[in-house]
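Hi everyone, thanks for making time.

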Amino acid sequence: MIYFFMIVISCLIAMNVKNVDGKMVAVKYKVISSNKRKIKDIFHTIMSAVPPFLMSALRYGIGTDYLYGYVPIFYWVRYDNPKQKEVEEGYILLNKLVAFYTDNYQWIFVLTSFIYIACVFYALYKSSKKFWYSVLLFFLSYNYFNSYNIIRQEMAMAIILVGLTFLQDEAKIKDYVKFIVLVLIASTLHRTALISLLFPIVMNIKVDTKYILIFSIFGLFMKNTLIELFIGQAYFLHQRYLVYAGNISHSELPVQFLIFNSIFLALMLYLDYKNKDLRNDKHWNTAKWMQFIAVFSYSVQGMIPYVTRMALYFTFPQIIYLPNILVKHGSKVEKRWMYGLVTLVFLIDFLYNYFMGFGEIRPYTSIFNK
């Protein structure tokens, strides 16, 4: 129940964030200056982030890798164990920073939780047109709860989410440089972050609905060749991925994850068909590519080891681009059932993950009652 209360409190506070543009705005028949509104928005964004941060920072033994992964890594780094070389340099640096001040490993979870939550909520504040709904999808997408387990990758994805805020419609060269720098920083936490270098490329490749369907058919017939190329270059990500080079049978997730993302792809293609003005929007273009790649990735799970980890980079931004495109959709009637459909899919996904025990996040235990 504590997770339920945390989600409710965070979302209720998030509803006060209006994300207003312009100099003046009418709120409940009162005209408020944009500066005052902005201050209120920032305050409520921070307060909305506090509950998930505290839950994550003060947890004990929660997550599959808490005691058997991240605690040992802290001691490897603190005592200069050779095994620390198995971990990316950026995460080693964070552990060294904590170990310099204390031998209490709990502080690494405080630090990583702060980085993760701060990056996610900053990105939502900067990019989401419906902040509270993005916060809700952040929880229902299970990404928040995944961060209790795959800490390094979730931090990397959160940094990428911040990087995407620089790639606006009028992005300049310096903005692309900022994004690339953030990708490189994220890759020091988890090498898979390098896949995000695709984003500024696909952002500038306009794609029509019919071509998405053609690419889907092409991918269906060419995926075996593409898989061989991917596995052959796996060493580029990290040397330890070579261990999985001969394993083509590993499957991480049930088929419903493919089904859910296929539903989102179909919804996006419909929205693209109904809203032709969206096709010149670079973010919308990126969203279509992301969703297509996500569906393709889930379709080849079991053929490429841990490909679902790569797919997370393409599904995580859903918490921003799905609300944003629904806000822009013209039909109010269709918009209602679309909100209902998206929420229902995420809710089913969340309930399945939660009750199946993914990530071993329950029962919740804090450092105060361990």
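Before anything else, one term: buried means under 20% relative accessible area, exposed means over 50%, and partly exposed is in between, using a 1.4 Å probe and protein chains only. And a second one: helices (H or I, at least four residues) and strands (E, at least two) are DSSP runs, numbered from the N terminus.

Now the ground rules. This is a predicted model, where local features need pLDDT of at least 70 and side-chain atom pairs count only at pLDDT 80 or more, while totals for chains, interfaces and linings use all residues. Residues are numbered from 1 along each chain as its sequence is written, and side-chain values use heavy atoms, with hydrogens and water left out.

Okay, the overall picture. The protein chain has 16 helices and two strands. It runs to 370 residues, and 52% of them are buried. For contacts, think heavy atoms within 4.5 Å. If you take contacts between residues at least 6 apart in sequence, 76% of them join residues at least 24 apart.

On to the core. A nonpolar core here is a set of buried Ala, Val, Leu, Ile, Met, Phe, Trp, Tyr and Cys residues joined through side-chain atoms within 4.5 Å. The largest one has 103 residues, and the members touching the most other members are Tyr 3, Tyr 91, Phe 138, Tyr 144, Phe 145 and Val 342. Let's follow Phe 145. Leaving out residues up to four places away in sequence, Phe 145 touches Tyr 3, Met 6, Ile 7, Phe 139, Phe 350 and Ile 361.

That's a lot of rings, so let's talk aromatics. Rings of Phe, Tyr and Trp (its six-membered ring) pair if their centres lie within 6.5 Å; planes under 30 degrees apart are stacked, over 60 edge-to-face, and the rest tilted. The whole structure has 36 aromatic pairs. One of them is Phe 4 with Phe 5, which is edge-to-face, at 5.7 Å centre to centre and 65° between the planes. Phe 4 is partly exposed, at 47% relative accessible area, and Phe 5 is partly exposed at 47% too. Then there's Tyr 142 with Phe 145, a tilted pair at 5.4 Å centre to centre and 40° between the planes. Here Tyr 142 is buried, at 1%, and Phe 145 is buried at 0%.

Stay on Tyr 142 for a second, in the loop between helix H6 (131-140) and helix H7 (143-146). Most residues other than glycine have a negative phi, and most peptide bonds are trans. Tyr 142, though, has a positive phi of about 75°. Glu 360 is not a glycine either, and its phi is near 50°. You'll find Glu 360 in the segment after H16, partly exposed at 48%. Pro 363 is also placed in the segment after H16, residues 332-356, and the peptide bond from Arg 362 to Pro 363 is cis, with omega near 0°.

Asn 95 lies in helix H4, residues 89-101, and is buried at 0%. Not counting residues up to four places away, Asn 95 touches Ile 73, Phe 74, Val 77 and Ile 108. Leu 164 is in helix H8, residues 151-164, and counts as buried at 11%. With that same exclusion of residues up to four places away, Leu 164 touches Phe 179, Phe 199, His 283, Met 290 and Pro 317.

On a 1 Å grid over the protein atoms alone, a cavity is a set of points where a 1.4 Å probe fits but cannot get out, and lining residues have an atom within 4 Å of a point. Grid points are joined across faces, edges and corners, and a volume is the space filled by probe spheres set on the points. The search finds one cavity of 30 Å³ or more, with about 40 Å³ of space in the largest cavity. Which residues line the largest cavity? Ser 56, Arg 59, Thr 112, Ser 113, Tyr 116, Ser 147 and Ile 151. Helix H5, residues 106-127, gives the largest share of that lining, with three residues.

Terms used. 1 Å grid on protein atoms, 1.4 Å probe; cavity = no way out; pocket = protein on both sides within 12 Å on 5 of 7 lines; lining within 4 Å.
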